[in-house]
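Please look through the model below before reading on. The points that follow take up ring contacts, the ligand site and some backbone details.

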Amino acid sequence: MSKEDLNIALIGRGFMGRMHSNAWGQVGRFCDPPLNPILHTACDTVEEGLSEYAARWGWQNVCTDWSDVCASPEIDLVDLGVPNYLHAPMAIEALKAGKHVTCEKPLAGALREAREMAEAARASKGKAFVWYSYRGVPAVAFAHQLVKAGTIGDIRHVRAVYLQSWADESVPLAWRFDKKLAGSGAHGDLNAHIIDMTRFVTGEEITEISGAIAETFVKERNKITGNVAGGIAEGLQKAKQKGRVTVDDTVLFLARFSGGAVASFEAARQATGNLSRNGFEINGTKGALRFDFERMTELEYCDLSTERATRGWTTINCSDMAAHPYMGAWWPEGHHIGYEHTFVNMASSFLRVIAGDEPVVPVPDFEDAYKTQRVLEAALVSAAEKRAVPLSEIK
Ligand code: SOE
């Protein structure tokens, strides 16, 4: 039976625009989704190079006005790979037009915008998701399944870190360093991921934040000139003039989970030596799990029921087609997948939910991502007011 087409319009063509393009292009080939994704339109306000970009990634049309793709009766899904301040206006307009939306993380730069986006999703006939892409890592999805099955018992401790080191003084003033455009720095960029990931793996909610510290080490950066698409730092052209950095370089905080566990979170852009150390350790009453994205195929497991003398961490290579979530779509065991595949995996679950099927593992919709946004906000309040913040305070 032939599948129904789903016409997609992508807005944005930086690092995430290319990542999403690849995901939509690959998902039909590998994952057998229930809908047939069509790369209909690539949209960007800058016309220069747009046709070449579209041809390279397989988009059939181009457009320079994002309102047009939201209004177009030909488009079924609007995909956002744009800076954070654009998420709310674009997602809300697309949802009002009844489109499905897949939005880059974090849901928004500001809590108010995130709330409005969740409201728009509730009122729309479209479905709305956020690309918290680490849920698409088979080892992380497997950790979720193990915790759900009770393998590590009741959770006592959660430690989560997302450590990068790309933001030294030489990196110019990209949008990621501007509060008006990004909302926050390492916090919304990296803590957002580990908040989502630990909520997903534990299946619990964060109920209180305390002890938050935010710091900006590099307070001024060279302003950018020219086109700034691509790369983590988006734009390496430098101008002599300096501008003020208005976001954090690092945010640390403590937390409590609904099941009673205590937790610590760390996000940093200047954690020298770490490139993308996104990981967690979760200790339960029957065992523990440990993950580090720099070794993304591995999940470490300590089983408390084993012989004490030989007990330790077992390294599970999460690449078994039959045993590990998402791997069935890829290669025989030991033939690893990479970062870009995690987005393909997410796209496959988005398409399943849109078609009314079960996702491989739960994917974050706007409601879910709004919960993560409330945790981000609580940490900022804790840092500013130097106090414990119950999540019930953050609406
Ligand atoms: C930059 O810090 C970045 O690209 C994030 O924005 C992504 O969300 C993360 O997955 C990788 O690092």
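1. A charge is said to sit over a ring if NZ of Lys or CZ of Arg is within 6 Å of the ring centre and within 35 degrees of the ring normal. By that rule, the charged end of Arg269 sits over the ring of Phe177, at 5.5 Å from its centre. The charged end of Arg290 sits over the ring of Trp313, and here the distance to the centre is 3.9 Å.

2. On sources: this is a predicted model, in which local features need pLDDT of at least 70 and side-chain atom pairs count only at pLDDT 80 or more, while totals for chains, interfaces and linings use all residues. Residues are numbered from 1 along each chain as its sequence is written, and side-chain values use heavy atoms, with hydrogens and water left out.

3. Aromatic pairs come next. Rings of Phe, Tyr and Trp (for Trp, the six-membered ring) pair if their centres lie within 6.5 Å; planes under 30 degrees apart count as stacked, over 60 as edge-to-face, and the rest as tilted. The count by this rule is 16 aromatic pairs. One of them is the edge-to-face pair of Phe293 and Tyr339, with 5.8 Å from centre to centre and 70° between the planes. This pair links distant parts of the chain, 46 residues apart: Phe293 is in the loop between β14 (287–292) and β15 (298–303), and Tyr339 is in helix α9 (residues 339–354). Helices (H or I, at least four residues) and strands (E, at least two) are DSSP runs, numbered from the N terminus.

4. How covered are Phe293 and Tyr339? Buried means under 20% relative accessible area, exposed means over 50%, and partly exposed is in between (1.4 Å probe, protein chains only). Phe293 has 11% relative accessibility and therefore counts as buried. Tyr339 has a relative accessible area of 22%, so Tyr339 is partly exposed. Both residues belong to a cluster linked by ring pairs, which also holds Phe15, Trp24, Phe129, Trp131, Tyr134, Tyr162, Phe343 and Phe350.

5. Which residues come nearest to the ligand? A residue is near a molecule or strand if one of its heavy atoms lies within 4 Å of it. There are 12 residues around the ligand, of which Lys105, Tyr134, Gln164, Asp189 and His193 come nearest. Tyr134 is also a member of the ring cluster. Helix α8 (residues 186–202) gives the most to the shell, with 3 residues. By class, the shell has 7 nonpolar, 2 polar and 3 charged residues; Ala, Val, Leu, Ile, Met, Phe, Trp, Tyr, Cys and Pro count as nonpolar, Asp, Glu, Lys and Arg as charged, and the others, Gly among them, as polar.

6. A polar side-chain atom of Asp189 lies 2.4 Å from an oxygen atom of the ligand. For Gln164 the distance from such an atom to a ligand oxygen is 2.7 Å, and for His193 it is 2.7 Å. The ligand taken alone exposes 300 Å², and the protein buries 95% of that. These areas come from the Shrake-Rupley method with a 1.4 Å probe; for residues, only the protein chains shown count as cover.

7. Lys105 is joined to Pro106 by a cis peptide bond, with omega of about -10°. Pro106 lies in the loop between β5 (100–103) and α5 (111–123).

8. Asp32 has a positive phi of about 50° and lies in the loop between α1 (15–30) and β2 (35–43). Tyr326 has a positive phi of about 75° and lies in the loop between β16 (313–317) and α9. Is each of them buried or exposed? Asp32 is exposed because its relative accessible area is 58%, whereas Tyr326 counts as buried at 6%.

9. Asp249 lies in the loop between β10 (242–244) and β11 (250–257). Asp249 counts as buried, at 0% relative accessibility, and its side chain reaches the backbone nitrogen of Phe217 at 2.6 Å.

Note on methods. A polar contact is a pair of N or O atoms within 3.5 Å; within protein, one must be able to donate a hydrogen and the other to accept it, and residues adjacent in sequence count only if both atoms are side-chain atoms.
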